[in-house]
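Reader: I would like to learn how to read a protein model, one feature at a time. Could you take me through it slowly?

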Amino acid sequence: MFMNGKTFFFPLRSSLPAPMFSRNDFSVWSILKKCIGLELSKITMPIVFNEPLSFLQRISEYMEHTYLIQKACSQSDSIERMQTVAAFAVSAVASQWDRTGKPFNPLLGETYELTREDQGFRLISEQVSHHPPISAFHTESLAGDFVFHGSIYPKLKFWGKSVEAEPKGTITLEIYKHKEAYTWTNPFCCVHNIILGKLWIEQYGTVEIVNHSTGEKCVLNFKPCGMFGKELHRVEGYIQDKSKKKRCVIYGKWTECMWSVDPQVYEAHRKLEKKGTTDTKKQKPEEPESVNEDADEMPEVQETVAVIPGSTLLWRISSRPPHSAEMYNFTNFAVTLNELEPGMEGVLAPTDCRLRPDIRAMENGNMDEASREKERLEEKQRAARKERAKDGEEWSTRWFQLGTNPYTASQDWLYTGGYFNRKYTDCPDIY
């Protein structure tokens, strides 16, 4: 990690300090039964249902597969670049697989920075609004090849047995070498069996990736699992050029891999498939896990992606640590995000998530302390808001300002620069 002209050469950790706390003895029904159909951003949840990361840190997981952006920068063909950007868009939500813990709501003014020289980027994010909760982020290539930025307003609703997250907000990727800008929004995410049974996750909805320079578009359909679960985790779509001609088909699972194939080959394969004469090999489905009869039964895990002959692999998910289930189902990348390396505390902004005491206590397995600290921080935030209201003061963001996305013309929070100059004297005291 590179900070303030210094490089910290500490190996990234491969596990958390303490295993996760068991959720088996806790019922969330008493809290949620009055909230059906309502937004959850204002509801205080027991800390046992959290994971020891802030939502700002969760956003940084978009960058786990940064190599895909770098690959797109190096490709000369715009359709190939769109394929790679599409793979990146899918990979950016892949870490949510089996991540049923809720990240901590960021405090107003909270920030998170992440510099990864090994992956060639640095990121800064800030909680720019509390009601509604809006998180803004800006990532830039250390080599000056790209910027990746956006603002996310995760709207959560409880529907009786499940919690649905609508990820409002636009994501923008700018590739300087090709003078291109791509924009998209993420799919919906739903966590089933919040009250009873085995928790499971699905993502669904249409994601449109637009190349504002060439007019090319990629349409990805994240499929809901359906009645018999055959579509669970599946993603299917196509890339069209500015004349709306389909140039390639993209298919796979957001939990596994993504492939591309020629549209004519794809259609021929589909016809053979309907006749039952395809030769793609299918693995035996896993045995379904038993769940409570009153729960939303998790569908059987169907065969892995059946690869159509002539397809090109775009992306494959990275394997998780062998003890991931004891660490909130974190990826190797996620495990490192809250690590506080020696020397960092004196360099980070005082608002950085790594310095947040409730998350730190939870990560260390001190659940009682984490709960007390969370309550203290939330009360401190409320008191500060009342004080500002009494004095007629408006909250002032530090690193982002509300503006207009130049490609979509929609409202967006844009980075104003200066964070990495390390001048933090006017940062708010939020912890």
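Reader: Let me begin with two residues: are R422 and E113 buried or exposed?

Author: The word buried means a relative accessible area under 20%, exposed means over 50%, and partly exposed lies in between, with a 1.4 Å probe and protein chains only. By that rule both R422 and E113 are buried. Please keep in mind that this is a predicted model, in which local features need pLDDT of at least 70 and side-chain atom pairs count only at pLDDT 80 or more, whereas totals for chains, interfaces and linings use all residues. Residues are numbered from 1 along each chain as its sequence is written, and side-chain values use heavy atoms, with hydrogens and water left out.

Reader: What joins the side chains of R422 and E113?

Author: Side chains of opposite charge can pair when their charged atoms come close. A salt bridge is counted when a side-chain nitrogen of Lys or Arg is within 4 Å of a carboxyl oxygen of Asp or Glu. The side chains of R422 and E113 form such a bridge, with 2.6 Å from N to O. This pair links distant parts of the chain, since R422 is in the segment after β20 (411-415) and E113 is in strand β5 (residues 111-116), 309 residues apart.

Reader: How many salt bridges does the structure hold, and which residues are linked in a network of them?

Author: The structure holds 26 salt bridges, and a network of them links E51, R58, E61 and R99.

Reader: How should I read burial and contacts over the whole chain?

Author: Buried residues make up 52% of the 431 residues in the chain. A contact means heavy atoms within 4.5 Å, and among contacts between residues at least 6 apart in sequence, 62% join residues at least 24 apart. For the surface, accessible areas come from the Shrake-Rupley method with a 1.4 Å probe, and for residues only the protein chains shown count as cover. The chain exposes about 20,400 Å², of which carbon and sulfur atoms supply 50%.

Reader: Which residues does T66 touch, and where is T66 found?

Author: T66 is found in the loop between α2 (55-60) and α3 (67-74). Not counting residues up to four places away in sequence, T66 touches Q119, F121 and F146. T66 counts as buried because its relative accessible area is 0%.

Reader: What does S91 touch?

Author: S91, which has its place in helix α4 (residues 78-94), touches H65, L68 and W315, again leaving out residues up to four places away in sequence. S91 is counted as buried because its relative accessibility is 2%. In sequence S91 and K253 are 162 residues apart, yet in space they are 10.0 Å apart, C-alpha to C-alpha.

Reader: Which residues other than glycine have a positive phi, and which peptide bond is cis?

Author: Most residues other than glycine have a negative phi, and most peptide bonds are trans. H233 has a positive phi of about 75 degrees although it is not a glycine; H233 lies in the loop between β14 (217-222) and β15 (234-240) and is buried, with a relative accessible area of 10%. R422 also has a positive phi, of about 65 degrees, without being a glycine, and its relative accessible area is 13%, so R422 is buried. As for the backbone link, the peptide bond from H131 to P132 is cis, with omega near 0 degrees, and P132 is placed in the loop between β6 (121-129) and β7 (134-141).

Technical notes: Helix = DSSP H or I, 4+ residues; strand = E, 2+ residues; numbered from the N terminus.
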